[in-house]
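These are my notebook entries on one protein chain. I recorded what I looked up, entry by entry.

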Amino acid sequence: MNSSTRPSRLVETDWYSPIRPLSNSSAFNSPGDRFIPNRSLMNLDQAHGLLTHTTKHYHKFTIPDEYRKKIEEKLTLDSEGRPFRMLVFRGTQKSSRKSNRLIDELRKEDAEALRNSVTKTSRPRRLPKREARILDAPYLMEDYYSKVIDWGRNNVLAVALGPVLFLWKWENGKVKKLLQVPGEDDYPASVSWSHDAKTLAVGYMDSKLQLWDAETSKLVRNLEGHHRRVATSSWNHWNSHILTSGSKEKSIINHHVRVSNNVTSRIKAHSGEVCGLKWSNEGNLLASGGDHNVVHIWERSKMSSSKSLHRFTDHCGGVKALAWSPHQVNVLASGGGKEDGCIKIWNVQKGTCIHSVDAKAQICGLEWNRHHKEILSGHGFSASGDGNKLCLWKYPNMTKVGELQSSNSRILDLSQSPDVVTVATAGADETIRFWEAFGPSGDEDSVSHLAGLVSLKTSVIR
């Protein structure tokens, strides 16, 4: 049959909106969804009246008794007329499981397990009894202000021994000579690896600052700007092309290593030699320490100004040791020289000292433990004879976890391995010692797994 001749048929329905009077049935082409009715099915006038005239009574639809009785029979009798119930609640047999207080009991068990785990993890860790390895480092300069070792992400330790700079590889112990300074009055005073460990910044006694390619052992460029000893430098974490250096001439220079005119800004705020520099982990703040007992905090965006964000004057000795916390943003640790001997923890956002502990010895280096909230300090001279050792402190209460006695000579510098387990120390006894200070906890009588192999042997860097 042709669709053009097919008679149109209206859909007759007895489906109504809940508010439509039953007496007013109509025919509709599209009755709408059963949950979302079609607007054409609604009696909007009556709906408005129901909302505004609450006293008016409308006819309520009642189900006839005969129809109700038939529905009840259908729901309570089966097809053969026998009584049954569609929905019935039957109690189950008594279970051997725990009572209705199961959730509370489980919570108690979880809380007890948490307390036990916290107690276990917060138990003081036992440090190794001795170093894992010792390297002989002849001609290592005994100078508190120099930065003579730095451990790069390539697992290579840069070591300045007099006029010669060596690269020592941790995995196989291979040694490569990177450079040798001609003459007797000049030698490397600071070394600093770039973040990709491809470039090594070297500062000298005679004011030079150079960049060396570690792979090819070639000089990349000279960075101009200083006129006296460059004893500290730090690469920016946010911009890997920015290198900041400090000098005995009391100035801080920001270098852009990719442009011809490398000096981007120069700051003269210290009244003594700048002997410590450290960029924050986020690269937005720079900490600088001076020989005149002062620590400055600088904002990266305002480095062209000589006005620092904060100026801390609580130390009583030169500040070389600086370390930003990996656990809390805007937390800095600083260590003072022989006349001070204190470790101070700063909140650089508020400009306040959070904690101060008297280590009773010159502080030559600080390294945070990234696995635990601890900080390791390396010590030199002490008026009380309590120096020449490593001390591990629990953060934030700064209680001492333990000590590591290296030798009778003072520690000059610290550097941490890329795996954040081992710490290398440069000593005035012309040795480089490696300590697994941040390794896992062990028994009281345990010794490092490397100790049996190499701790009683001494390798030579040369």
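**Entry 1: a polar contact.** I looked up the side chain of S288 and found that a polar contact of 2.8 Å joins it to the side chain of H270. The model is predicted, and I keep this in mind for each value below. I then placed S288 in the chain: the residue belongs to strand β15, which covers residues 285-290.

Entry 2: Is S288 buried or exposed? The relative accessible area of S288 is 0%, and therefore this residue counts as buried, since the cut-off for buried is under 20%. I next listed the contacts of S288, setting aside neighbours within four places in sequence. The list holds I252, H270, G276, L277, V294, V295, H296, W298 and L322.

**Entry 3: a sheet.** I turned to an open sheet of four strands and noted the order β10-β11-β12-β13, with antiparallel pairing. Which strands form the edges? They are β10 (230-235) and β13 (263-267), each of which pairs on one side only. On average, neighbouring strands in this sheet are turned by 20° against each other, direction ignored. I also examined one pair: β10 and β11 (residues 242-247) run antiparallel and are joined by five bridges. In one of the bridges, V230 has S247 of β11 as its partner.

**Entry 4: the nonpolar cores.** I looked up the largest nonpolar core and recorded 36 residues. L200, I432 and F434 have the most contacts inside this core. Elements that give two or more residues to the core include β2 (149-151), β4 (164-169), β7 (199-204) and β28 (431-435). Which strand gives the largest share? It is β3, with six residues. Apart from this core lies another, of 16 residues, among them A323, I343, I345 and A359.

**Entry 5: the contacts of I432.** I returned to I432 and left out residues up to four places away in sequence. The residues that I432 touches include R133, I134, L135, L157, V159, A424 and I461.

**Entry 6: the whole chain.** The chain has four helices and 29 strands. Of its 462 residues, 46% are buried. Among contacts between residues at least 6 apart in sequence, 46% join residues at least 24 apart. The accessible surface comes to about 26400 Å², and 49% of this area belongs to carbon and sulfur atoms.

Methods. Residues are numbered from 1 along each chain as its sequence is written. This is a predicted model: local features need pLDDT of at least 70, side-chain atom pairs count only at pLDDT 80 or more; totals for chains, interfaces and linings use all residues. Side-chain values use heavy atoms; hydrogens and water are left out. Two strands pair if DSSP finds at least two bridges between them. Axes are lines fitted to C-alpha atoms, for helices over the stretch in contact, and angles run from 0 to 180 degrees between N-to-C directions. Buried means under 20% relative accessible area, exposed over 50%, partly exposed in between (1.4 Å probe, protein chains only). Contact means heavy atoms within 4.5 Å. Accessible areas come from the Shrake-Rupley method with a 1.4 Å probe; for residues, only the protein chains shown count as cover. A polar contact is a pair of N or O atoms within 3.5 Å; within protein, one must be able to donate a hydrogen and the other to accept it, and residues adjacent in sequence count only if both atoms are side-chain atoms. A nonpolar core is a set of buried Ala, Val, Leu, Ile, Met, Phe, Trp, Tyr and Cys residues joined through side-chain atoms within 4.5 Å.
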